[in-house]
Amino acid sequence: MTKKSPITVFVAIGIGAALFFVLGRFVAIPSPVPNTNISLQYGLLAFMAALFGPLAGALIAFIGHALIDFSYGWGVWWSWVIASAVAGLIMGVLTKKISLEKSFGKKQIITFNVSQVIAHLVAWVVVAPVLDILIYAEPANKVFVQGLVGGLANIVTTAIVGTLLAVAYNAAKPKAGSLRKEN
């Protein structure tokens, strides 16, 4: 990952959180499991975390998810907001070695997707259900099913949406030495 200015990262967090909110609030696809959606915003999150780093990934997810919950009027479900932030943080940490500005071939796509799979499994199969039990005294069988379904759906949507965003971004960036002076 190339070093980004703090101002660029700050702006990216704001834009990323806003896009995360819009996708999560207005493009959510209901799943067969109650209170669990198929979410496209995690593809955006993986892309932004790979591009701007773990802090940006965590804050984009935390702010965006809190806004989604708040907008529904049921209150903020902190266990899942924290799990989203954990997912963004892990995605940013595990994708630090790849650069979306440089070569983004098979090896980088595999690293990107292994990273997001690990992040989603930790966030949705461990963090969210455990916090649901500790904070809200939810039944374990319910929250682990929700976490597993949500995590698997997020893995699939992130593999598609996140990979497409990363590949498109990489293809759109001019490569070093690709511009030549005309005579």
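Phe26 counts as exposed, at 58% relative accessibility. Exposed means over 50% relative accessible area, buried under 20%, and partly exposed in between (1.4 Å probe, protein chains only). This is a predicted model: local features need pLDDT of at least 70, side-chain atom pairs count only at pLDDT 80 or more, and totals for chains, interfaces and linings use all residues. Residues are numbered from 1 along each chain as its sequence is written, and side-chain values use heavy atoms, leaving out hydrogens and water.

Phe26 pairs with Phe21. Their ring centres lie 6.0 Å apart, with 85° between the planes, an edge-to-face pair. Rings of Phe, Tyr and Trp (its six-membered ring) pair if their centres lie within 6.5 Å; planes under 30 degrees apart are stacked, over 60 edge-to-face, the rest tilted. The whole structure holds nine aromatic pairs.

Tyr72 and Trp74 have ring centres 4.5 Å apart and planes at 10°, so this pair is stacked. Tyr72 is partly exposed at 31%; Trp74 is exposed at 52%. Arg25 lies over the face of Tyr72, 3.9 Å from the ring centre. Such a charge has NZ of Lys or CZ of Arg within 6 Å of the ring centre and within 35 degrees of the ring normal. Lys4 sits over Phe52, at 5.7 Å. Elsewhere, ring pairs link Phe20, Tyr42, Trp80 and Trp124 into a cluster.

Now the helices. The axes of H4 (residues 78-94) and H5 (residues 106-136) come within 8 Å and cross at roughly 155°. H4 and H5 are therefore roughly antiparallel, a label for angles over 145 degrees. The residues of their contact divide into 19 nonpolar, six polar and one charged.

Definitions and conventions
Axes fitted to C-alpha atoms, helices over the stretch in contact; angles between N-to-C directions. Helix = DSSP H or I, 4+ residues; strand = E, 2+ residues; numbered from the N terminus. Parallel < 35°, antiparallel > 145°, perpendicular 65-115°, else oblique. Nonpolar A, V, L, I, M, F, W, Y, C, P; charged D, E, K, R; others polar.
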